[in-house]
Amino acid sequence: NYILSNTKKKNNRSSVVSTLVSSCLIEKLVKSYVFNYVSCFTGFKNIGEQIIKNEIDFIFGFEESYGYLKNPCVKDKDAVQGALLICEMASFYKSINKTLFDVLNEINDKFGEAEESQYNIKLVGQDAKDRKEAIMNRAYSFNLSSLGSYKIKEILNFNIGLNITKNTKIPTGDNLVKIVFEDDSFIAIRPSGTEPKVKIYFSLIKDKKDCYKTDKIKYEFINFLYDFKGTSLFLDNILVERIWGGNYFKNTLKKTDSDTKYGELWSVSGLLNNSSKIINKDNILLSDYYSNHKELFDLRSKRLW
């Protein structure tokens, strides 16, 4: 926003470059200044390639994870340029009695506030490759018309170079699936090129009337991805002996026949030395089940419910 508001458009080739998994607000912002927006595959090398091709007048380039470039003499992410730009930007807005946060709020008021988040599925063990293929094949098969209250505008499969919704060709060259909603929010999924994980990118416009809307959509997509069948885990109760314990769990709750002075009942425990057993999973310890299926347990920690 700062760069575009202080840049004169040279010609119809004046462009900002970013990646397909960067914020859904970028294109809206760039086009509001009547500049071109060019999106490319993930990785700053692809932004650099746009400069080398010399088909555009490069104004600014950046990617979702990190990396900024204004002066194209480097043709790669440049932290020095980025740091200096932030200082210059903060100084400019201070001169007109605004903070960076003030300007960010102005952008959100104009285009909608996007919640940007990422969910990583770590791939470990001997079956890591098979799991990655299974997850991505599930993503390639996505063909729903909506997720929750988000209506889908188009589904882009860059693995086969096809806009599934419109049945038209698109560029290919990355194992990326991008689901674009009618408000230009999106979900994108791809295997990481540098780490053993599958990465899911969420860029979702918030709903002021429904603060849980974005969480619901994340849960629905991950639920689709794992193809959950509503399996429930039934856990045994763990009774813990305490000096203040009595016969309540035996006589009143009928949880035991023992005369041991139990003082606590743990409904769910993942402690390594005192873990719950999963009754409908051959009494496997919850701690062991977690170690082998961590992807099923980190939804809450990622605030997806």
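**Notebook: salt bridges, strands and a surface patch**

I searched the whole structure for salt bridges and found 14, a salt bridge being a side-chain nitrogen of Lys or Arg within 4 Å of a carboxyl oxygen of Asp or Glu. The model is predicted: local features need pLDDT of at least 70, side-chain atom pairs count only at pLDDT 80 or more, and totals for chains, interfaces and linings use all residues. Residues are numbered from 1 along each chain as its sequence is written, and side-chain values use heavy atoms, with hydrogens and water left out.

**Entry 1. Salt bridges**

I first looked up Glu63, which forms a salt bridge with Lys77, with 3.9 Å between the closest N and O atoms. Glu63 lies in the loop between β3 and β4 and Lys77 in the loop between β4 and α4 (79-95), so this pair ties together parts that are 14 residues apart in sequence. Helices (H or I, at least four residues) and strands (E, at least two) are DSSP runs, numbered from the N terminus. I noted Glu63 as buried, at 8% relative accessible area, and Lys77 as partly exposed, at 33%. For these words I used under 20% relative accessible area for buried, over 50% for exposed, and partly exposed in between (1.4 Å probe, protein chains only).

I next looked up Lys166, which forms a salt bridge with Glu154; the closest N and O atoms are 3.6 Å apart. Lys166 is in the loop between β8 and β9 (168-169) and Glu154 is in strand β7, so the pair ties together parts that are 12 residues apart in sequence. Lys166 is exposed, with a relative accessible area of 53%, whereas Glu154 is buried, at 14%.

Asp207 is partly exposed, at 27% relative accessible area, and Lys213 is buried, at 16%. I also found that Lys28, Lys153 and Asp184 are joined into one network by salt bridges that share partners.

**Entry 2. Strand β7 and its partners**

Since Glu154 lies in strand β7, I followed that strand. Six of the eight residues of β7 (residues 150-157) are buried, so the strand is largely enclosed by the rest of the structure.

Which strands pair with β7? I counted two strands as paired if DSSP finds at least two bridges between them. Strand β6 (residues 146-147) pairs with β7 in the antiparallel sense over two bridges, and Leu147 has Tyr150 of β7 as its bridge partner. These two strands form a hairpin with two residues between them, and Gly148 in the turn has a positive phi of about 60 degrees.

Strand β10 (residues 177-181) is antiparallel to β7 over five bridges. Here Leu156 has Lys178 in β10 as its bridge partner.

Strand β8 (residues 162-163) is joined to β7 by two bridges and runs antiparallel to β7. Asn157 stands opposite Leu162 in β8. The hairpin of β7 and β8 has four residues between the strands, and Gly161 takes a positive phi near 70 degrees there.

I then traced an open sheet of four strands, in the order β2-β1-β3-β4 with mixed pairing. Its edge strands are β2 (36-40) and β4 (68-69), each of which pairs on one side only. Strand β1 (residues 14-19) and strand β3 (residues 57-62) pair in the parallel sense over four bridges; Val17 has Gly61 in β3 as its bridge partner.

Helix α2 (residues 25-32) lies across β1, β2 and β3, at about 155 degrees to β2. Angles run from 0 to 180 degrees between N-to-C directions, with axes as lines fitted to C-alpha atoms, for helices over the stretch in contact. Helix α3 (residues 44-53) lies across β1, β2, β3 and β4, at about 175 degrees to β3.

Within helix α3 I looked up Gln50. Gln50 is buried, at 14% relative accessible area. Not counting residues up to four places away in sequence, Gln50 touches Val17, Val38, Cys40, Glu55 and Ile56, where contact means heavy atoms within 4.5 Å. The C-alpha atoms of Gln50 and Pro72 are separated by 10 Å, the two residues being 22 residues apart along the chain.
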